[in-house]
Amino acid sequence: MTTAGTCAIDGCDRRARSRGLCNAHYLSWWRESEADRPPAPKREFKGGAFIKSLIEGPLREECVVWPLARTKNGYGRASLHGRSVDAHRLVCMLAHGEPPSDRHHAAHICGKGREGCVNPSHLRWATPKENKADQLRHGTAPCGEKSPHARFSDEEARAIYAKRGQLPAAELARQLGWHKGGVCAIWRRRRYASATEGVSR
């Protein structure tokens with residue numbers, strides 16, 4: 001028996017996403033041959049033909065760039081029944097099945113997610129920790145001066161770190177017009193850790 005807001009398939013208690021179905025059952029419907037498929041939804045998602053060519057076509061070694069809308073960070077965006085979704089996550093679901101959990105990311109083994117890569121062979125389900133490790137390995141993690149909340153460049157952070165022990169943190173913070181906790185975070189390498197690695201003081 002189904003309840004309001006859940007999948008229309010009996011026995012499935014997952015949240016309904018499209019056409020009254022959860023992601024898993026919607027994708028199962030989408031994979032059916034045209035002869036066996038129930039009437040199609042009125043609005044197909046933009047990029048559907050392109051995604052089908054990726055999944056059903058030959059494997060490609062090189063990155064495949066999403067040809068439609070992109071976010072300001074470079075990731076592809078698709079329109080699924082009037083709702084904007086991550087193109088690489090949609091491709092990962094269609095190629096590799098549902099994520100093991102809602103927390104899993106569609107991670108790029110090529111490190112080119114910000115360049116719009118949606119090659120199914122470059123995508124995998126990864127935990128946040130695994131995805132973060134990938135980003136650090138590829139040099140794409142939003143840390144240091146790459147962070148949207150960064151106050152200093154990596155070079156400035158190295159200069160601040162080099163002054164550790166030379167004067168009180170409160171005094172250096174006053175000179176910088178910042179706060180003591182921020183200076184201490186750099187000195188303890190809780191911020192700008194990769195930028196300050198190997199800096200002598």
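1. His-122 touches residues from several stretches of this predicted model. Setting aside residues up to four places away in sequence, its contacts are Arg-60, Glu-61, Glu-62, Cys-63, Ala-107, His-108, Ile-109, Cys-110 and Cys-117. His-122 sits in the loop between β3 (105–108) and β4 (123–126). Its relative accessibility is 9%. Buried means under 20%, so His-122 counts as buried.

2. Now the aromatic rings. A pair of such rings is described by the distance of the centres and the angle of the planes. The count here is 1 aromatic pair. Phe-50 and Trp-66 form that pair. Their centres are 5.7 Å apart, with 75° between the planes. Edge-to-face requires over 60 degrees, so this pair is edge-to-face.

3. Where do Phe-50 and Trp-66 lie? Phe-50 is in helix α2 (residues 48–56), and Trp-66 is in the loop between α2 and β1 (77–80). The two are 16 residues apart, and the pair links distant parts of the chain. Phe-50 is partly exposed, at 23% relative accessible area. Trp-66 is buried, at 2%.

4. Trp-187 belongs to helix α7 (residues 180–187). Is Trp-187 buried or exposed? Trp-187 is buried, with a relative accessible area of 9%.

5. Which residues does Trp-187 contact, leaving aside neighbours within four places in sequence? They are Ile-160, Tyr-161, Lys-163, Arg-164, Gly-165, Leu-167, Pro-168, Ala-169 and Leu-172. With Ile-160 there is a specific reach: the side chain of Trp-187 comes to 2.8 Å from the backbone oxygen of Ile-160. Arg-158 is 29 residues from Trp-187 along the chain. The C-alpha atoms of these two residues are separated by 9.5 Å.

Technical notes:
Residues numbered from 1 in each chain as written. Predicted model: local features only at pLDDT ≥ 70, side-chain atom pairs only at ≥ 80, totals over all residues. Heavy atoms only, no water. Phe/Tyr/Trp six-rings, centres within 6.5 Å; stacked < 30°, edge-to-face > 60°. Helix = DSSP H or I, 4+ residues; strand = E, 2+ residues; numbered from the N terminus. Buried < 20%, exposed > 50% of the residue type's maximum accessible area, 1.4 Å probe, protein only. Contact = heavy atoms within 4.5 Å. Polar contact = N/O pair within 3.5 Å; in protein donor to acceptor, adjacent residues only side chain to side chain.
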